[in-house]
Amino acid sequence: MIKIVIADDHRLVREAWRLLLSRDPRLDVIAVCENGHRVVEASRVLQPQVILMDINMEPMNGIEATRKIREFSSDIRIIGISVHTDLAYVNGLMQAGANGYVTKNSSGEEMITAILQVMEGQPYFCKEIANIHTTSTRARAAG
């Protein structure tokens, strides 16, 4: 089973992801964390295989938490989760060491696909982000 930690500052979001992922026999949610400090500590102690990392958390956001986790582990796969579709957020998280990005508009099936793909060593960007990136690239090429 793939050991997962969920980090999000909204309780309902954490509970929804936990419920959804617990339905898949390949996945095991071993912890939920409400902020960046807690997810860094949980990662150190529990050594999950995957972290679902919200970007906007206080007092430590997901980008900073990702950087801190990368200081002690390059093996943990980190997937950013956010309402933001702005490529600056995506790029910031990826530069901090994340392996993928999924918006909160994505389906549960897409999140599971993201988890499985990053576990295979491949980056993952949800369809919404991939479409924005493709449109942005085409616009620059046409300009």
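Here is a short tour, one selection at a time.

This is a predicted model, where local features need pLDDT of at least 70, side-chain atom pairs count only at pLDDT 80 or more, and totals for chains, interfaces and linings use all residues. Residues are numbered from 1 along each chain as its sequence is written, and side-chain values use heavy atoms, with hydrogens and water left out.

Start by selecting α2 (36-46) and α3 (62-72). Helices here are DSSP runs of H or I with at least four residues, strands are E runs of at least two, and both are numbered from the N terminus. The axes of α2 and α3 are 9 Å apart, at an angle of about 20 degrees. Axes are lines fitted to C-alpha atoms, for helices over the stretch in contact, and angles run from 0 to 180 degrees between N-to-C directions. The pair is therefore roughly parallel, a label for angles under 35 degrees.

Now show side chains: G36, V39, V40, S43 and R44 of α2 meet A65, K68, I69 and F72 of α3, contact being heavy atoms within 4.5 Å.

Next, hop to Q47, in the loop between α2 and β3. Its phi is near 50 degrees, positive although Q47 isn't a glycine.

Move on to P59, in the loop between β3 (50-54) and α3. The peptide bond from E58 to P59 is cis, with omega near 0 degrees.

Last stop: α5. Buried residues there include M111, I112 and I115; buried means under 20% relative accessible area (1.4 Å probe, protein chains only). Just after α5, look for G121, with a positive phi of about 90 degrees.

Technical notes:
Buried < 20%, exposed > 50% of the residue type's maximum accessible area, 1.4 Å probe, protein only. Parallel < 35°, antiparallel > 145°, perpendicular 65-115°, else oblique.
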